[in-house]
Amino acid sequence: MPLLPELQKELPALLRSLHQSPTQPLLYSSIFRILTRTQNSLRRGQQLHALLLLHGVCLDPILSARLASMYASSGDLRSSSLLLLNHPDPSSLLFNSLIRGHSLRGIPTDVLSTFHAMLSRCHFPDHFTYPFVLKACADLPSPSTGTAVHSLCLRQGLELDCYVGSSLINMYAKCGDLRSAHRLFDVMPVRDSSSWNALIAGYMMVGAVKVAEHLFDEMPKRNVISWTAMISGYTQNGSADRALKVFDEMRKEGTEVNPNWVTVISVLPACAHSAALDQGESIHEYARSMGFDSHPIVQIALVGMYAKCGSLLKAHHCFDQIPEKNKSVVAWNTMITAYSSHGRGEEAVSSFEKMISSGIHPDAVSFTGLLSGCSHSGLVDQGLKYFDSMSSVYSVEPTHEHYACLVDLLGRAGQLEKAMKIINQMKIDPGPSIWGALLSACRIHRNLELAEIAAKRLFVLEPGNSGNYILLSNMYAEAKNWEKVKKLRSLLREKGMKKSPGCSWSEINGESYSFFTGDTSHQQAAEIYRLLKDLPEKMKIEGYAPDTSYVLHDVSEEEKECNLAAHSEKLAIAFGILNTIPGTTLRVTKNLRICGDCHTAAKFISKIYEREIIVRDVSRFHHFRDGVCSCRDYW
DNA sequence: TTAGGGTTAG
């Protein structure tokens with residue numbers, strides 16, 4: 001088939017010919033084929049459809065299929081469906097056009113109902129039908145429909161067709177049935193890159209990174225999709241470093257394949273995960289140079305990346321660059337969540353209100369962001385009001401996430417009994433996130449009685465989560481109940497669970513440096529520890545008294561103070577002070593929640609060294625400046 | 001015609 005620009009060149013001549021012979025079906029057919037692949041052509045298509053009817057041109061199978069494709073590609077699925085419904089004897093071609101149209105719109109049930117209609121009218125699906133039908137099956141929650149379609153392919157002898165086979169491999173891989181996917185892959189006479197790519201993505205999805213890597217190494221010819229599958233696979237499996245490395249490798253000169261916009265949105269979450277702001281900015285620059293930054297999804301990914309890398313200002317700037325018409329509910333949600341995670345509850349609320357005013361309907365994610373924003377900022381009444389409006393005003397039914405936010409909102413504010421009452425009155429079974437929120441709130445407000453109730457549930461619901469045992473054990477330690485601490489710790493050992501070690505990292509000049517608690521392995525360890533040793537004296541002058549309750553072992557107070565000095569977030573902050581220009585902002589990320597003493601210390605450090613320090617912990621951001629934290633100590 | 005995808009709580 002000639003390329004689209006060449007085809008489009010033919011369009012004026014075809015339209016002129018049509019003007020002279022308006023009853024010629026072949027002319028219409030050629031024009032519709034071009035319009036199907038041209039943007040904003042619905043109006044012209046409709047005019048030609050009217051002209052065709054006016055001249056009584058017979059809708060032969062090819063012409064009606066092309067007409068349906070034209071409507072479907074313009075998003076007018078209703079007209080395509082009407083063509084099929086009103087046709088006395090629709091051809092397989094017409095069914096295929098409609099199936100393809102529904103597939104483009106991404107609604108699997110519509111694809112499958114058209115497929116069902118096709119079968120019930122005794123039309124045989126072919127190698128043009130199955131790829132779309134199997135794609136729809138792959139998007140369904142259960143693999144049973146896909147298996148049934150597979151048996152149809154087998155009966156028609158189409159299983160090993162290049163397109164059908166690839167689609168079957170993809171369907172099984174997406175459903176997580178890698179055994180069936182790989183079995184088919186092994187028997188395919190010709191394996192095109194899509195079969196390899198589908199298998200790579202499937203193995204990545206189930207976390208079999210090594211197998212995916214092996215396939216990637218083995219495949220004869222990698223294309224942009226193969227590279228992107230590896231990058232997004234690494235990101236999804238928490239290997240952000242490897243995702244960034246593969247992206248760099250791909251961009252190196254000599255690699256024939258270049259990243260496209262999907263590659264960019266696959267690698268940006270890796271920057272976000274590692275809080276690698278410099279690398280994120282460099283990828284943003286690349287996207288700009290390639291013109292990908294005008295893509296709505298890239299724009300959203302950029303907002304998310306900047307927010308998670310600690311630059312709320314740049315996130316907001318990117319959001320402002322998005323044209324109003326492209327500000328989808330996802331774009332707004334990203335901005336609401338950004339404000340919320342940075343402890344800017346008021347801005348999260350005002351973004352939500354702006355979204356409503358602009359005519360965008362909120363979804364479940366909007367409320368998760370909004371409610372967690374209210375919770376982090378202590379906006380209890382507003383949060384309660386929004387929770388109540390969810391189903392009554394916006395028809396969004398609260399899910400576990402929303403209840404968890406609500407319990408968190410009340411719990412943080414000290415209204416533990418009210419939170420407990422809500423849990424007891426919930427319409428759905430409370431899940432681990434809800435009990436987890438209650439347990440955290442109990443820790444803040446030192447309510448051991450309720451904590452024991454929440455923990456008891458969590459031990460059943462999340463038997464493998466060591467965090468819950470640690471939290472309760474820390475609470476017993478605070479209450480100096482060493483007997484119960486011992487009991488819980490030995491229970492942890494029995495189950496073979498370990499406390500995840502505290503780790504903090506900081507990106508300096510594009511390079512990431514990480515520290516574990518008590519880490520002495522770094523080259524500059526001596527300097528770091530010297531700085532930290534001198535710090536308490538400086539801080540005490542400013543009025544600092546270390547809070548030793550955060551070192552939860554049965555040891556002396558002096559020893560506790562010593563342990564606090566070696567917390568990973570303090571090591572990373574000290575390292576940052578030593579290695580960056582005075583006055584610049586320090587950015588530190590921690591894998592757990594920031595410790596209370598480190599939070600106090602960071603406030604003093606920001607004052608003593610006149611630095612803004614931005615700490616991202618596992619649940620939110622803290623901006624320390626001039627002795628104050630943006631969370632106003634509400635966290 | 002198939003394959004890679006942005007926002008989510010404690």
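## Cavity

On a 1 Å grid over the protein atoms alone, a cavity is a set of points where a 1.4 Å probe fits but cannot get out. Grid points are joined across faces, edges and corners, and a volume is the space filled by probe spheres set on the points. This is a predicted model, where local features need pLDDT of at least 70, side-chain atom pairs count only at pLDDT 80 or more, and totals for chains, interfaces and linings use all residues. Residues are numbered from 1 along each chain as its sequence is written, chains are lettered from A and ligands numbered from 1 in the order in which they are written, and side-chain values use heavy atoms, with hydrogens and water left out.

One cavity of 30 Å³ or more turns up in a search of the whole structure. The largest cavity holds about 70 Å³. Its lining has 14 residues (those with an atom within 4 Å of a point). A275, C309, R587, V588 and T589 lie nearest the centre. Strands β1 (503-508), β3 (586-590) and β4 (613-616) each give at least two residues to this lining; strands are DSSP runs of E, at least two residues long, numbered from the N terminus. By class, six lining residues are nonpolar, four polar and four charged. Here Ala, Val, Leu, Ile, Met, Phe, Trp, Tyr, Cys and Pro count as nonpolar, Asp, Glu, Lys and Arg as charged, and the others, Gly among them, as polar.

## DNA strand B

The surface near DNA strand B takes in 48 residues, where near means a heavy atom within 4 Å of the strand. Y163, N260, I297, I300 and S433 are the closest. This surface divides into 17 nonpolar, 23 polar and eight charged residues.

An N or O atom in the N260 side chain is 2.5 Å from one. For N197 the distance is 3.1 Å. At the phosphate, a polar side-chain atom of K308 lies 3.5 Å from an oxygen.

## Second largest pocket

A pocket is an open set of points with protein on both sides within 12 Å along at least five of seven lines. The lining has 11 nonpolar, 13 polar and two charged residues.

Helices α8 (130-138), α10 (162-174), α12 and α14 (224-236) each supply at least two lining residues; helices are DSSP runs of H or I, at least four residues long. With eight residues, α12 gives the most.

## S194 on α12

Helix α12 spans residues 193-205 and includes S194. S194 is partly exposed because its relative accessibility is 34% (buried is under 20%, exposed over 50%, partly exposed in between, with a 1.4 Å probe and protein chains only). Its side chain makes a polar contact with the side chain of D192 at 2.7 Å. Such a contact is a pair of N or O atoms within 3.5 Å; within protein, one must be able to donate a hydrogen and the other to accept it, and residues adjacent in sequence count only if both atoms are side-chain atoms.

## Positive phi

Most residues other than glycine have a negative phi. S395 has a positive phi of about 55°. S395 sits in the loop between α23 (380-394) and α24 (400-412). R446 has a positive phi of about 50°, in the loop between α26 (432-445) and α27 (448-461). S395 is exposed at 62% relative accessible area, and R446 is exposed at 53%.
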